[in-house]
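Here is a colleague's note for someone meeting this structure for the first time. Please look over the sequence and the model before reading on.

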Amino acid sequence: MTRQLRIGLFAVSASGLAALLLWAVAGLPDFGHYRQRYGLLLQQVAVGERHATNVVTAVVFDYRGFDTLGEELILFASVIGVALLLREVRDEAARLRDRMRSDAVGLIGIGFAAGLLVLGLYVIAHGPITPGGGFQGGVVVAAAFAIAYLAGDYRAYRRLTPQPALDFVEGVGAGGYAVVGIVSMLLGSAYLYNFGPLGEPGTLASAGSISILNIAVALEVSAAFVLLFTEFLEELSVMRAQGR
Amino acid sequence: MSYLPYALAVWIFVVGLYGVVTSRNFVHLVVCLTLTQSSTYVLLLAIGYVNRATAPVYADVPQGTKAVDPVVQALTLTDIVVSVTVAALLLALAIQVQKRNGTLDPDALTEMSG
């Protein structure tokens, strides 16, 4: 199919699709007048039932916690997929050797990395209380390691993120989530039903098993993202070494 | 005007598809696909919006304050994670295409091989 024909075909079908989509959204409630039922109920009960002041986190890790198990495993599977796609016999000598020579960039980078690490841990820890949680904070923590690569050199980055430790942390994060669900069953309730001390709402030690699941997801997400960075950086190092 | 945010989601979706169809580079194509998926964030959050309401977080405001829908926000979070995993896998595939065929142009890969 030629390019012109393809674009012509797209123009016809896309305008049809856009018309149908616009017709569909015209049937939605007016913007800002959503008659929430499930959401309204959760807003009313979440703080009282689960002692989590962030209702979104309560939905993610409790009321719809089983969905999040699947979501976490998608990320896990994706990391496995990327590792399989990019696997090859990598020569240790071919590792990226270029080094950041500027002390100023190194110093600023370390400052940024430290700040990001603290911010990420803060966002994770306060997941059940204020906006944030394991997913968001995990990405911020992983970004701190990416900055460490940018500010330092590749070998320093690898020393900071040893593969066995990453694999272990990712496994603990993904498996821990499933295990918490089994603990709920052993305690005589449904899978992933919130157990454990609910604590005082609005404090760090609150929301029962939401906090545990939150930390499991944070471990999984940060390790998964660092593993993804590592896979792509390895690829870059091989390409550089081969002079491409 | 009250349907404008929904129309915006449709617009982002169609523009993203246009980018996918006309793309000359797999990395560009992955970015366009991510853009297409981001239209669903706009749609979900627009559906859950309630006029003059706060975020569904009761750390600072008393319980019972009018708040936007927390369920669609949780769905959007799931959506973003799925989008990232898809992008990571497709970028890995793009690297393999570049290695095997020496090009990232989808139009240059008209014949199946292997």
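The points below cover confidence, the fold of one chain and its contact with the other.

1. This is a predicted model, in which local features need pLDDT of at least 70, side-chain atom pairs count only at pLDDT 80 or more, and totals for chains, interfaces and linings use all residues. Residues are numbered from 1 along each chain as its sequence is written, while chains are lettered from A and ligands numbered from 1 in the order in which they are written.

2. The model has ipTM 0.83 and pTM 0.85. Chain B has an average pLDDT of 86, and 95% of the residues reach at least 70. Here pLDDT is the predictor's confidence in each residue, from 0 to 100.

3. Chain B has 3 helices and 0 strands. Its order from the N terminus is α-α-α. Helices (H or I, at least four residues) and strands (E, at least two) are DSSP runs, numbered from the N terminus.

4. Which chain gives 42 residues to the contact, and which gives 46? Chain B gives 42 and chain A gives 46. Two residues are in contact if their C-beta atoms, placed from the backbone, lie within 7 Å. On the chain B side, helix 1 (4–22), helix 2 (26–48) and helix 3 (70–101) each supply at least two residues. Helix 3 of chain B gives the most, with 15 residues.
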